[in-house]
Amino acid sequence: MSEGEGNAALGKKEFKRSRSHFADRVTADGRDGWPVEAGRYRLVVSRACPWASRALVSRRLLGLENALSLAVTDPIQDDRSWRFTLDPDGRDPVLGIRFLKEAYDARETDYPGGVSVPALVDVPSGKLVTNDYQQLTLDFATQWKDLHRKGAPDLYPAQLRDEIDEVMAGIYEDVNNGVYRAGFAHNQEQYEEACAGVFRRLELVADRLADRRYLVGDTITEADIRLFTTLVRFDAVYHGHFKCNLWKLAENRVLWAYTRDLYQTPGFGDTVDFDHIKRHYYQVHTGINPTGIVPLGPDRSGWLTPHHREELGGRPFGDGTAPGPVPEGEEVPAQGRP
């Protein structure tokens, strides 16, 4: 999710998602000059952002917490970029910066595009390495294997990659990005086209999940992570704020059970902060919510109710195991949980 370019302008011009300008990869062989190395990099996220949330879930499931430190920004950004105002003195304690933009500037001045999360920063130099949210989690699953915890699941199994990629492509176009195209549409025709596409794809996904627990194969994969981070925000912000309101997630029996199943799986719900999500969308997007009023609802109590998806079989972590407890200091505060 990118900062600024004038948050008040959202909804007043055609929305186009920028490609990641910094697409270097951190790999096992260091082919781009950035080798996988424990303790060298810092992952900067906003818990409000679905693109950053992918990285949060992947990091937890793979057990990369000790190898890759975490910085969480304030959900209320301004046009100077994501801020570290949740930390003492308003500075990230590892990088020593007040704004994520400082890491971008250390890498390249006058770069095109905004300042987005997730961002991987090289701690020794303070330079941004990558903001390529599409590739980052795939590399966590495949390039960071030597640093995975014992029992880490295979989130991108080689024999299923073609199917995973195909499923993810449709979900990205119509759901992950579709809700934004609907929410930031600047005319009725654009909105209706995007909104219809969101629900058309959700119906297809619901049909797919009616008799299988996960999107591809019988275990959690990258495809489930990418769908989850949009669905978990659906009723809280996309239904109202982005006008994707043909129906609520909680009104779709299959998708509501599927999302609750993942939310209650270690590594998913323990990364979600509903308080950050709601405050960011409703207070930052002044172009479409000029009052900045944050709604009281929806009721969150249903997130912890039985989902019964285990009756479909499936093995959440395959031959692996669940991740351990959330590391100290990374817990979601009580106001962000059901």
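Reader: Okay, in what sense do β3 and strand β4 pair, and over how many bridges?
Author: They're antiparallel, with three bridges between β3 and β4 (residues 127-130). Keep in mind that this is a predicted model.
Reader: Which residue is the bridge partner of V121 in β4?
Author: That's L128.
Reader: And what sits in the turn of the hairpin that β3 and β4 form?
Author: Four residues lie between the two strands, and G126 in that turn has a positive phi of about 75°.
Reader: Zooming out, in what order do the four strands of the sheet come?
Author: The order is β2-β1-β3-β4, in an open sheet with mixed pairing. β2 and β4 are the edge strands, each pairing on one side only. From one strand to the next, the twist averages 35°.
Reader: Where does the mix come from? Does β1 run parallel or antiparallel to β2?
Author: β1 and β2 (residues 69-72) run parallel, joined by four bridges. On that side L43 has L70 as its bridge partner, and V45 has V72. With β3 (residues 119-122), β1 pairs in the antiparallel sense, also over four bridges.
Reader: Which helix packs on that sheet?
Author: α1 does, touching β1 and β2, and its direction makes about 130° with that of β1.
Reader: Let's stay on β1. How many of its residues are buried?
Author: Five of five, so β1 is mostly covered. Y41, L43 and V45 point one way, while R42 and V44 point the other way.
Reader: What does the side chain of R42 make a polar contact with?
Author: The side chain of D92, at 3.0 Å. A polar atom of the R42 side chain also lies 3.1 Å from the backbone oxygen of L70.
Reader: L70 again, then. Which residue does R42 stand opposite in β3?
Author: V121, the residue whose partner in β4 is L128.
Reader: Switching to helices: at what angle do α1 and α3 pack?
Author: About 5°, with the axes of α1 (residues 50-62) and α3 (residues 133-142) 9 Å apart. That angle is why α1 counts as roughly parallel to α3.
Reader: Which residues make that contact?
Author: From α1 you have W51, R54, A55, S58 and L62, and from α3 there are Y133, Q134, L136, T137, F140 and A141. They divide into seven nonpolar, three polar and one charged.
Reader: How do α7 and α9 pack, in terms of angle?
Author: They cross at about 105°, with their axes 10 Å apart, which means α7 is roughly perpendicular to α9. D224, L227, F228 and L231 in α7 meet L255, Y258, T259, L262 and Y263 in α9. By type, the residues of that contact are seven nonpolar, one polar and one charged.
Reader: Last one. Where is Y214?
Author: Y214 is in the loop between α6 (188-209) and α7. At 0% relative accessibility, Y214 counts as buried.
Reader: What does the side chain of Y214 have a polar contact with?
Author: The side chain of R213, at 3.2 Å.
Reader: And which residues is Y214 in contact with beyond four places in sequence?
Author: D224 and L262 are on that list, and so are L209, T219, I220 and D261. Others include R309, G314, R315 and P316.
Reader: How far is the C-alpha atom of Y214 from that of R40?
Author: They're separated by 34 Å, with the two residues 174 apart along the chain.

Conventions:
Residues are numbered from 1 along each chain as its sequence is written. This is a predicted model: local features need pLDDT of at least 70, side-chain atom pairs count only at pLDDT 80 or more; totals for chains, interfaces and linings use all residues. Side-chain values use heavy atoms; hydrogens and water are left out. A polar contact is a pair of N or O atoms within 3.5 Å; within protein, one must be able to donate a hydrogen and the other to accept it, and residues adjacent in sequence count only if both atoms are side-chain atoms. Axes are lines fitted to C-alpha atoms, for helices over the stretch in contact, and angles run from 0 to 180 degrees between N-to-C directions. Angles under 35 degrees count as roughly parallel, over 145 as roughly antiparallel, 65 to 115 as roughly perpendicular and the rest as oblique. Contact means heavy atoms within 4.5 Å. Ala, Val, Leu, Ile, Met, Phe, Trp, Tyr, Cys and Pro count as nonpolar, Asp, Glu, Lys and Arg as charged, and the others, Gly among them, as polar. Buried means under 20% relative accessible area, exposed over 50%, partly exposed in between (1.4 Å probe, protein chains only). Two strands pair if DSSP finds at least two bridges between them.
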